[in-house]
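These are my notebook entries on one structure, written down in the order in which I looked things up.

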Amino acid sequence: MNSAALFLKPSVKTGKTNVSDRLLEQTINALIHQEGLPETYAQTVEQTILPLADHILALHDTEKRPVVAGIHGAQGTGKSTLTLFLREILSLYRNRPTASFSLDDIYLTRAERQDLAERVHPLFKTRGVPGTHDVVLGQRVLGQLRSAGPCDTTRIPSFDKSRDDRVPTGDWPAFPGRAEIILIEGWCLDALPEDEGALRSPINRLEAEEDPKGTWRTYVNEQLKGGYREFFGQIDCLVMLKAPSMECVLEWRCLQEQKLARKTHDAPEGGEPGTCAQGLRIMNDDEVARFVMHYERVTRACLAEMPGRADVLINVAEDHSLGLPQFRAD
């Protein structure tokens, strides 16, 4: 079946599809092509993403105010792709101005993380865990998006991973007017702090060898009790993309790095070993395993407890396909 047919539903009165449906189908197909997704993703849009978009729309219309939808998911679950499709559908075809940003966009600057690593623990050189984001900045952006007037613009933060630093403020994208729906995505979005007793024993080699006293993991946990909890408290609808397991997350991350290595095997001679033509360092499987260990504790905790409280649960299969959305009854 052509993917177009999934979206073109004839009117009961005329038996013809309307212009809006055709434009929606064109937009979906363009996004699928842009993101390098298989044509079968059109079925995912129809069965998973459109119902989710309408769920968020209904929440907005019930609350009669700007609402924040949080997209949580471990690495490789498709958070960014889901957020992109939701934003375009809600903005263009549900007529609700929709802004989006990632927790990645509000990372501390490289200098700020270097200072944190020197003051608290060297493991904070690696961005990603709670404590390496500027949640005050995130709060400010949320406030501006929700309260902006028709002639106002809000600069939305951006982070350049190739430079490992925040993009200069003047280059941040600008969102015009008030956002009726705000989408925030992130791997540790709405994570809860653990009981202190759970922090005593390391859960992997990184914690055992590089954080034997628990200083790093305790600081991460304290962050989840403080500013992060206030920031996450702004979420009106929590959507969880649930990975099958932590082991699957590691496998996905290894495959991602291997694909990147294949794409960039023609790095110029004389470059640093493992560095691709674009200047990004390619990790081997052992390095990926160590990298993922930074996120393992929080990821495992979320996989265990978040499905029971998420407003919408979407299971992600081992082949990255998304299941049907499960909406929690009030």
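I first looked up Gly 128, which counts as buried because its relative accessibility is 0% (buried means under 20% relative accessible area, exposed over 50% and partly exposed in between, with a 1.4 Å probe and protein chains only). Gly 128 sits in the loop between α4 (110-119) and α5 (135-147), where helices (H or I, at least four residues) and strands (E, at least two) are DSSP runs numbered from the N terminus. Leaving aside residues up to four places away in sequence, I found that Gly 128 touches Tyr 107, His 133, Trp 187, Cys 188 and Tyr 295, contact being heavy atoms within 4.5 Å. I also noted that Gly 128 and Leu 103, 25 residues apart in sequence, have their C-alpha atoms 8.8 Å apart in space.

Before going on I recorded that this is a predicted model, in which local features need pLDDT of at least 70 and side-chain atom pairs count only at pLDDT 80 or more, while totals for chains, interfaces and linings use all residues. Residues are numbered from 1 along each chain as its sequence is written, and side-chain values use heavy atoms, with hydrogens and water left out.

At the N-terminal end, Asn 284 caps α10 through a side-chain oxygen 3.1 Å from the backbone nitrogen of Asp 286. The polar contacts I list are pairs of N or O atoms within 3.5 Å; within protein, one must be able to donate a hydrogen and the other to accept it, and residues adjacent in sequence count only if both atoms are side-chain atoms.

Thr 299 also lies in α10, and it counts as buried because its relative accessibility is 7%. A polar atom of the Thr 299 side chain lies 2.7 Å from the backbone oxygen of Tyr 295. Beyond residues up to four places away in sequence, Thr 299 touches Ala 74, Trp 187 and Met 246.

Next I turned to the open sheet of 6 strands, which has the order β2-β7-β1-β8-β9-β10 with mixed pairing; two strands pair if DSSP finds at least two bridges between them. Its edge strands are β2 and β10 (326-327), each of which pairs on one side only.

What encloses strand β7 (residues 181-186)? I found 6 of its 6 residues buried, so β7 is largely enclosed by the rest of the structure. On one side Ile 181, Leu 183 and Glu 185 are buried, as are Ile 182, Ile 184 and Gly 186 on the other. Strand β1 (residues 67-73) runs parallel to β7 with 6 bridges, and strand β2 (residues 98-102) runs parallel to β7 with 5 bridges. Leu 183 is the bridge partner of Ala 69 and stands opposite Ser 100.

Lastly, I looked up Phe 101, whose contacts, not counting residues up to four places away in sequence, include Ile 182, Leu 183, Ile 184 and Phe 231.
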